[in-house]
Each structure stands twice: as C-alpha cells, then as structure tokens.
Amino acid sequence: MTIRHILSLAAGALMLPTAVMAQVTTDPEVVVPTQEILISIDVASIPVCGSCEESLKDIVDGGEDLYIWTWAPAEHAQGHPLANGTGSTPWKDSNEALKLTRVGESYVFTFTMTPTDFYEVDAATVYANDISFLVKPKDGGGYGDPDRKSDDLFIPVDPPVTGPQKVYSFPATASEDTLYQNADDVFTLFYDNTLEEKASMQDASELYVYARAILDDGSEIKVANLGQIANFPELGMDNVGEGLFRWSVIPSEVYDIPAGKKLVRLRLQMAKPFATSQNDAVDGEFNFYLLNE
C-alpha cells in the first residue's frame, strides 16, 4: 500500500508535533513512540478509496463496526494476535483486537496504542517509517466485490529537536557530527525550507540530495553528479508539508561501496532537480560521521 494522504507537518517547535488534519488527531499531539497515544478518526470526513461504493458514514449508519488496518512502521504476520485480519480471507475478517471505539453517537472513532509495543519495533523504526493505516468494516469487500475502506491515512512521527534547525538528522548526532549508527542502519535527513535565508532556494517545492560519501581510505563516492540527481528517485526528498523535507535511506543500499571498504562520512547537500549552479543548491555541505561499530 502507498501513502496518498500526507497530513500537514508543522516544524520548528521543541518537538515536531504529529501533524494532523481535522479527520485524524492524536492525543498527545506530539507522538513519542514509547508512550501511549489515542488516535481519533472522524470517519464522516475522511475520503474513501476511489473504487469504493459506500462511505464510512453510511457503513456506520448501517450498524457495522469499524477497524484499523495498519502496515507501517511494521505489519504483523498472519496468526499474530495483532494481525490485521484472520482466516483464509483476512481482508473480509478484521481482527477483533483492532476494532475502533465509537465516541458516543458521533462519527468519531478512536484507537489506543503505544507504537513500539503495538508494532513490536524500536523507536528509531517508528521515527523512520511513521504510522500508516486505513479504516474499514470487518468485511472489507474485495475478492471480486467492491472494496469498503478509507483511503490511506498517515501520522508522521518525527524525532525531537532542540530548537529550530534548518538541517538535522535522525538519529541525532552524538558528539559533534558523529552518529550512533553504521551504514546498514536507516538514516534520515531533515531540511526546513522555512528557515532558508538564500533567496534562490526559498519556497522550494521539489528537492533532491546531492549525496556524496567518504570511505575509510579517504576516497569519495557519489550516486550522481549535481546536475543529474533528479534522474535518481532514491535521491528525492519527501515534501511532508509546511516547508519540511525528509530523506530516509540505508546508506549501504544507496552508495556502491567497494568490497573491503567502509563508509565513514556522509557528505550531503540539498538541491533543486537538474541544478546547474550553486544558486540551485542549499549553501554548505552537511557531514555526518558514522561510528561503524
């Protein structure tokens, strides 16, 4: 499943709040992966899938319960107590453990979870993948029948920051620019365009990462030249709204690291697609040193 609806994200606070629209909110607003959250969903206003013939409001009016169906930051396998569905046709038989709670006679439904416990992953995995889900009745149709479900929904979960920062990473730096990770771990680069002072780069809508790296022998490798970065989808940054851009990668999968060598430093710069000069790039290089432990 793909994320089609990215909820607006406000940046620059002590922690980036989990941004929500009126249809989906969280309590507390800032999601900490290791703490319990209450997700509230207004099913009267969230869109349904393009091929669906019923609205969720009509399904509720017909007396049916609603369930959460979630796949990120992780999806439980069939047979797990928190698997999305049960039996040989799981889409038609949602797990009772994932039933939403209706608030009175309203069209607001809730679900309570602690993300790291529910998905059985660590906090870094939640930060790197966020929370993706949809809402459906117990029988979601399919198997030749029209689907009965919401469109995909998304709750961004972003790491704390110490104040407004134009460029930062997750994991955050441990000492100076050193990261508690190696090239096989997920690395996320954040860039807040609202803090950009360079006139030619303000109000950017599409950005890529000019991704160079330094190996343990001092040599440099890169995915593409500055003017060609837009030809490589893996270098594209996600525009998550409100001027915030995000790039999540596993470095060892992005860089072609020769056998016997180690990647020790990421050397990154944000730029517009098909940049022709430094006017099309964020000033400065941003270096992140790996511990390789």
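What share of the contacts in the protein with a separation of 6 or more comes from residues 24 or more positions apart? In this predicted model, such residues account for 64% of those contacts. The protein has four helices and 17 strands. It contains 293 residues, and 49% of them count as buried.

Strand 12 covers residues 208-215, and eight of its eight residues are buried.

Strand 12 has antiparallel pairings with strand 16 and with strand 13. Strand 16, residues 263-271, in turn pairs with strand 17. The pairings are listed below.

| Strand pair | Sense | Bridges | Residues facing each other |
|---|---|---|---|
| Strand 12 and strand 16 | antiparallel | eight bridges | Tyr208 and Ala271 |
| Strand 12 and strand 13 | antiparallel | three bridges | Ala213 and Ile221 |
| Strand 16 and strand 17 | antiparallel | four bridges | Leu268 and Phe286 |

Strand 13 is made of residues 220-222. Strands 12 and 13 form a hairpin with four residues between the strands, and Gly218 of this hairpin has a positive phi near 90 degrees. Strand 17, residues 286-290, is mostly covered, as four of its five residues are buried.

**Second largest pocket**

The second largest pocket holds about 190 Å³ of space. Helix 3 and strand 15 are the elements that each give two or more residues to its lining. Which of the elements gives the most to this lining? Strand 15 does, with four residues; this strand runs over residues 244-249.

In total, 13 residues line the pocket, and those nearest its centre are Ala128, Asp238, Arg246, Trp247 and Ser248. By class, the lining is made up of six nonpolar, three polar and four charged residues.

**Backbone exceptions**

Most residues other than glycine have a negative phi, and most peptide bonds are trans. Several places in the model depart from this pattern.

One joins Asp27 and Pro28, with omega about 5 degrees. Pro28 sits in the loop between strand 1 (24-27) and strand 2 (37-42). The other runs from Ala72 to Pro73, where omega is near 15 degrees. Pro73 belongs to the loop that connects strand 3 (66-72) with strand 4 (101-102).

Positive phi values occur in Glu120 and in Tyr143, neither of which is glycine. For Glu120, phi is near 60 degrees. The residue lies in the loop between helix 2 (115-119) and helix 3 (123-129). For Tyr143, phi is near 50 degrees, and the loop in question lies between strand 6 (131-137) and strand 7 (153-155).

Why do Glu120 and Tyr143 count as exposed? The cut-off for exposed is a relative accessible area over 50%. Glu120 counts as exposed because its relative accessibility is 54%, and Tyr143 is exposed because its relative accessible area is 52%.

Definitions and conventions
Residues numbered from 1 in each chain as written. Predicted model: local features only at pLDDT ≥ 70, side-chain atom pairs only at ≥ 80, totals over all residues. Heavy atoms only, no water. Buried < 20%, exposed > 50% of the residue type's maximum accessible area, 1.4 Å probe, protein only. Contact = heavy atoms within 4.5 Å. 1 Å grid on protein atoms, 1.4 Å probe; cavity = no way out; pocket = protein on both sides within 12 Å on 5 of 7 lines; lining within 4 Å. Points joined across faces, edges and corners; volume = space filled by probe spheres on them. Nonpolar A, V, L, I, M, F, W, Y, C, P; charged D, E, K, R; others polar. Pairing = 2+ DSSP bridges.
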